[in-house]
Amino acid sequence: MASEGPKYASGVPLEQPPKHNIAMGVEKLGLIPLRFPLLTALLVVVMAVLAGFGVMRLKVDDSLSQLFRSETPEFQQYERVTKQFPSSEFDVLIVVEGKTLLEREPLEKLRDLVTDVQLVQGTRGIVSLFSARQPPDGNTIPEALFPRDLPTGEAYKKLIERVRSNEIIRGKLLSEDGTLALVVLALDPAVVESNGLSTTVGEIRKIVGEDLEGSGLTGQLSGVPVMQLEIRNAVERDRLVYNAIGFIAGCVIAILFFRRVSFMIIAAAPPLLSILLALGILGWLDFRLNMFLNVMTPLIMVISFSDSMQLTFAARDRLIAGESKYQAFRNAILVVGPACVLTHATAGVSFIALQFSNSDLIRTFGEAGLIATVIALVAVLSLVPVLGVLLVRNEKAFAAHVKTVDTGVNVLRRFCFWIAERMVSHPGVYSLISVAVVAGLALIYANLEPRYRLADQVPDKQQAVAASSRLDAKLTGANPIDVLIEFPKGKSLYAPDVLATIAAVHDIVEKQAGVGNVWSIETLRRWLAEKAGKTDVATLKEYVDLLPEHLVRRFVSANQDAVLVTGRIPDVDASKLLPVIKKLNATLQTVREAHPGFNIAVTGLAAIAARNSADMIHKLNLGLTLEFLFVAMFIGFAFRSIVVMFASILPGIFPVVLSGTMLWLMGEGLQFASVVALTVSFGLGLSATIHFLNRLRLETAPDEDPAIGVERATVLVGPALILTSVVLACGLAVTVFSDLPSLRVFGWLSAFAMLAALVADLLILRPTTMFLSTLARKLGFKVLAEREH
């Protein structure tokens, strides 16, 4: 069987197409460029130039809150808080660490660092242990805790004792063991949101390195601006490097099998142009690159390369069989084109399914994916035939040459026939085994728990994550958690009941297990009461007025109608944070009841993530489950066959549940990136199923043994399916080298799912189709929309 030339519907000419077209004739759009190849090529060049300008318009969305951006009341409140109290969004955290930190010479170096970074353009304030003052003495403004000239000997030891016992510093700006200091440098919001952020952060890094050199201290940067910059750099780097590597891998594999540069170009150029056009249109539509949209390039390659290879293989087979290049590529469009349209349609359904997410980011990814899918379909159907007629020369010489050197493809054909022959020998047994395996894997998949950590959204090979981990270890955490207190209308900040409410909330947050480094205006009030014995409102107001505005705005709104009590929590999985958030919120209910009229709410990015991540992941996973059924019905409707509907279910589910089992074995859970990867991979993985079923309906005669049709269809489409699956896996797998953990998960899981889909196509789809076809014929049902002979 493997040695036979390709056959099409037992020799029935293409002028008599199947009675039912699974793509409703959409594939015939590819015949129009075939009639006007030069004009089409010129139009493509013009569109490519315009797309190039669109690509230049692409910008990066590096916001850490982008994943949870939605219309929910919780997120709207979070955005309102960040506008009223913008401090944490614009803070660079300088983490200085060393065993000799509190020795005189290293401490001088640290003070020089604090002085120098304030001079960097784009900064607007700083908080450090050098900001602390001595206790008030009378009515004079207290002196700085650190004198201008540091003392020596016993005087210096006493100074350090006062520093380590200072309530403002201890556990907040200086670790309990005195080996880590936190410097909070506030940047101008305009700098953070502009391209000048890279220059500003770079200058801060340079100063940290130079000032701490030779001191025995190390300095690292963290904070939202640093994380945003690292995300921005990683996204841009990945887009340029790893996508190019993936594309080159695809080209290398293609040329190894086709043995001709012309056919490599025919197969690889349409995906490349699809990438350019899709990114260009996304740029013109003002889409912004983020951790998900950054995988759009390999996804476009995945979508378009699969069908491009199928069309190229089909045309190549027909050239070898003796057809002219115009006939070969026209017939390839008519034979393979309907399956290409249907595969793009199922991929589109996968992207549409993402529209049911609460996350604006994931919905935007779905919209961009849908646009890219349509562009990829048009590009493949148009460019493959155009490039074919322009690049193929001397068809007869080509056919004669390929027949003698077609070793690679012939090996794949023999392998495919060997697989098909065994799968159809005992279809019932293999089908039963398939059901049992999928059911067992599905049980494991169902037990996967949702997972989310902020660190997974940030490059983990850079400073920000490392510095944050040190803060987690030494200062209870780097991630802020806020309690917003909004006063009743007309209430003054210094009204007794307002101060009592703030004190009660501060006390609860401070005592909450898992929360530390708590700050608010109550911190200042307690310090004045303990160190100076002053509890009057006038003194508190005087000291608030003395503080720099940037520091006051951290805790008091500009209109003085709301305050924040802010703490820090470690960056752990959201499932561990949620109990802390729930308990804190429940405890605050006593304050709400005791002080009616005050709006008291737990907010902050960590709180939003803890509350929403598990629910959002669960909904995405539920959407994927519903997608299984919908896509199966969609394919069954397209083929007008209940056999096809049921046959497509197991091979569609298998790569998803197998990938989920792999996550379970690795001790991982379902992250946003993994659910999106499985959702998209399900749609893309069905490409092999659709191409096989499309060819099967053309190769199966009404009264013929179904095994013959299965074997013939497998031999004809199998090599292209294997080759494209390998190429697609390579294109996706290159993202495992990314600095972004979420992108790495997406890449390896998608690549694994693609290979699992190939296994399902060869070992599950064949026997299942054979078994169901035989059963349907016995029951009198129509097997497929068969071509009549």
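A search of the whole structure, which is a predicted model, finds 9 cavities of 30 Å³ or more. On a 1 Å grid over the protein atoms alone, a cavity is a set of points where a 1.4 Å probe fits but cannot get out. Grid points are joined across faces, edges and corners, and a volume is the space filled by probe spheres set on the points. Rolling a probe the size of a water molecule over the atoms shows where empty space is left.

Two sentences on conventions. Residues are numbered from 1 along each chain as its sequence is written, and side-chain values use heavy atoms, with hydrogens and water left out. Local features need pLDDT of at least 70 and side-chain atom pairs count only at pLDDT 80 or more, while totals for chains, interfaces and linings use all residues.

I turn to the largest cavity, with a volume of about 410 Å³. Its lining, meaning residues with an atom within 4 Å of a point, comprises 36 residues, and Val224, Leu454, Asn479, Pro480 and Leu605 lie nearest the centre. Two or more lining residues come from each of α3, β2 (91-97), α8 (224-258), β7, α21 and α22 (605-639). Helices (H or I, at least four residues) and strands (E, at least two) are DSSP runs, numbered from the N terminus. Helix α22 gives the most to this lining, with 4 residues. By class, the lining of the largest cavity divides into 20 nonpolar, 10 polar and 6 charged residues. Here Ala, Val, Leu, Ile, Met, Phe, Trp, Tyr, Cys and Pro count as nonpolar, Asp, Glu, Lys and Arg as charged, and the others, Gly among them, as polar.

The second largest cavity has a volume of about 290 Å³. Of the 20 residues that line this second cavity, Trp519, Arg554, Phe555, Thr566 and Arg568 lie nearest its centre. At least two lining residues are supplied by each of β4 (180-187), β7, β8 (516-519) and β9 (562-569), and β9 gives the most, with 4 residues. The classes here are 10 nonpolar, 5 polar and 5 charged.

Next, an open space. A pocket is an open set of points with protein on both sides within 12 Å along at least five of seven lines. About 720 Å³ of space lies in the second largest pocket. This pocket is lined by 31 residues, and those nearest its centre are Ser131, Leu524, Leu547, Pro548 and Leu551. The elements giving two or more residues to the pocket lining are β3 (123-127), α18 (521-531), α19 (537-546) and α20 (549-552); α18 gives the most, with 4 residues. The pocket lining holds 23 nonpolar residues, 7 polar and 1 charged.

I now move to the aromatic side chains. A pair of aromatic rings is described by the distance of the centres and the angle of the planes. Rings of Phe, Tyr and Trp (its six-membered ring) pair if their centres lie within 6.5 Å; planes under 30 degrees apart count as stacked, over 60 as edge-to-face and the rest as tilted. The structure holds 6 aromatic pairs. In one of them, the ring centres of phenylalanine 75 and tyrosine 78 are 5.7 Å apart and the planes meet at 50 degrees, so the pair is tilted. Both residues belong to helix α3 (residues 73-84), 3 residues apart, about one turn of the helix. Phenylalanine 75 and tyrosine 78 are both buried, that is, under 20% relative accessible area, with exposed meaning over 50% and partly exposed in between (1.4 Å probe, protein chains only).

Another pair is formed by phenylalanine 487 and phenylalanine 598, with centres 6.3 Å apart and planes at 65 degrees, so this pair is edge-to-face. Phenylalanine 487 lies in the loop between β7 (479-486) and α17 (496-511), and phenylalanine 598 in the loop between α21 (574-594) and β10 (599-603), so the pair ties together parts 111 residues apart in sequence. Both phenylalanine 487 and phenylalanine 598 are buried.

A charge sits over a ring if NZ of Lys or CZ of Arg is within 6 Å of the ring centre and within 35 degrees of the ring normal. Arginine 766 lies over the face of phenylalanine 692, at 3.7 Å from the ring centre. Leaving aside neighbours within four places in sequence, threonine 714 is in contact (heavy atoms within 4.5 Å) with Cys416, Ala420, Phe692, Pro719 and Arg766. Threonine 714 is found in helix α26 (residues 706-733).
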